[in-house]
Amino acid sequence: MTRHDHWIGGKTVRPASGAYLPTVDPATRAPGAEVAAGSASDVDLAVAAASAAQPRWARLPAAERSAVLHRIADAVEAHADELAELERECTGKVPAQLRMEVESSAAYFRYYAGILRAHSGRTIDLGDGNHTYTRLEPYGVVAVITPWNLPLNQACRALAPALAVGNAVVAKPSEFTSASTLLLARLATEAGLPDGLLNVVAGTGRAVGTPLAAHPAVRRIAFTGSVATGRQLAAIAADRLIPVTLELGGKSPVVVFADAELDRAVAAAAGAVAANAGQVCSATTRLLVEASVHDEVVERVSESVTRLEPGVHFGPMVTEAQYRKVLGHFADAAAEGLVPATGGAAYEDGPAARGFYVRPTVYAGVPRWARLAREEVFGPVLVTMPFADEDQALALANDTDYGLAAAVWSGDVARGLRLAERIDAGQVAVNGGALTIETPFGGFKQSGHGREKGIEALHEYAQTKTVSLALR
Ligand code: ADP
């Protein structure tokens with residue numbers, strides 16, 4: 001049985017508890033590797049290692065930190081297959097998805113290695129009697145707590161900018177999916193990241209996440225996960241008066257007008273179901289369609305997702321709890337009298353029945369008050385609603401507690417932009433516009449606050465200091 005230990009101070013460390021947690025391959029339900037069951041004393045060790053290493057790292061010239069980040073990116077690329085395999089073992093993801101996630105994990109280090117050398121403070125003109133400027137200074141030790149849906153990717157999204165500006169990190173991956181983050185830390189050490197700058201403590205949220213967030217030497221928290229946990233961590237951060245980035249859920253709309261290029265809009269709507277089996281917080285899962293083409297679009301999207309094959313185009317639900325949660329949504333929908341246009345069930349036979357696979361699902365014409373229309377399902381499930389005009393489209397798009405992402409499709413580009421500016425969401429793609437590492441990512445409303453990606457994330461992990469010198 002493979003066992004994954006913590007990575008603390010540049011080496012593997014066994015859990016103080018001596019205990020390990022089981023994992024399963026969600027594609028087959030076969031038992032997988034065991035992962036260290038961390039506790040508060042492991043957290044203490046990791047935070048001490050981080051605190052000791054951080055000041056020297058922060059004093060290095062940006063170019064030297066940048067060079068190390070580039071070497072980490074090289075190492076991720078060189079070990080892409082190994083990282084992907086570790087990720088596959090505990091998530092069941094399909095190869096194309098794994099490839100994309102590992103590539104973008106490396107790209108985070110590459111991107112922040114680059115902008116680190118070009119982006120720093122600014123000078124402020126107070127006249128010729130002063131020399132006044134700002135510096136981006138690190139917080140010190142940053143806690144990075146990540147979920148199971150995009151494990152390595154979400155870790156790198158936070159680690160790269162946090163390390164870039166001179167912080168040390170203690171990462172707490174999900175206990176279901178820790179292996180890739182642990183290997184990343186080893187690779188980073190081998191690539192020349194000084195010991196103690198990236199520590200990974202495995203274990204549950206309660207046993208590791210809470211003491212980590214509450215540790216007096218942790219000066220900032222970056223969290224990706226559920227609203228409920230985000231609220232708990234925000235309470236700890238509020239009590240300690242430290243900043244926290246919350247990247248929480250979503251129920252993002254995709255708005256399709258009758259004059260849109262329907263082929264592309266249909267493909268994008270179906271793509272949101274397939275990508276990571278809908279286990280993406282920014283997935284556009286509310287398909288709002290202009291009434292005159294609603295039925296046609298629903299039919300085409302349903303046809304398209306029905307052709308998706310489990311294990312080929314999409315993976316299983318990553319955890320059993322998530323699998324049961326999605327099936328619970330289907331049961332509630334049935335109790336509310338909703339009938340799916342396609343899907344709405346698990347697989348009863350064949351290889352997919354062995355794993356936590358859920359059929360790609362579309363519920364058409366769902367009332368706005370239905371649970372399925374309001375709550376994040378986090379599975380391959382789309383709900384659709386018709387709208388009469390632009391005003392109603394906007395009202396429906398904003399009729400949610402969340403505000404992470406949105407998409408608009410229209411042949412009238414001005415209308416597309418008009419809606420983009422009025423939808424309450426952190427990022428809006430019009431007619432398939434790209435959203436990448438360069439584009440800031442984060443929520444409005446209950447989707448959280450703070451921004452990952454882009455130059456904005458560099459500022460999230462830095463505190464601005466002003467220095468002013470009198471020249472006379
Ligand atoms: P999900 O439903 O996506 O698993 P969670 O919010 O439960 O979302 O988990 C996201 C991350 O937060 C995981 O690493 C998990 O272990 C951690 N976590 C869960 N509960 C807590 C908690 N009370 N305090 C700190 N971290 C937690």
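Predicted model: local features only at pLDDT ≥ 70, side-chain atom pairs only at ≥ 80, totals over all residues.
Modeller: Local features here need pLDDT of at least 70 and side-chain atom pairs count only at pLDDT 80 or more, while totals for chains, interfaces and linings use all residues. Residues are numbered from 1 along each chain as its sequence is written, and side-chain values use heavy atoms, with hydrogens and water left out.

Biologist: Which residue has a side-chain N or O atom 2.6 Å from an oxygen atom of the ligand?

Modeller: The shell around the ligand holds 18 residues, Thr146 and Gln232 being among the closest, where a residue is near if one of its heavy atoms lies within 4 Å. An oxygen atom of the ligand lies 2.7 Å from a polar backbone atom of Thr146, and a nitrogen atom of the ligand lies 2.9 Å from a polar side-chain atom of Gln232. The side-chain atom at 2.6 Å from a ligand oxygen belongs to Lys172.

Biologist: What volume does the largest cavity have?

Modeller: A cavity is a set of points, on a 1 Å grid over the protein atoms alone, where a 1.4 Å probe fits but cannot get out, and its lining residues have an atom within 4 Å of a point. His4, Phe176 and Glu89 are among the residues lining the largest cavity. Its volume, the space filled by probe spheres set on grid points joined across faces, edges and corners, is about 100 Å³.

Biologist: What is the volume of the second largest cavity?

Modeller: The lining of the second largest cavity includes Lys251, Cys281 and Phe378. The second largest cavity has a volume of about 50 Å³.

Note on methods:
Polar contact = N/O pair within 3.5 Å; in protein donor to acceptor, adjacent residues only side chain to side chain. 1 Å grid on protein atoms, 1.4 Å probe; cavity = no way out; pocket = protein on both sides within 12 Å on 5 of 7 lines; lining within 4 Å.
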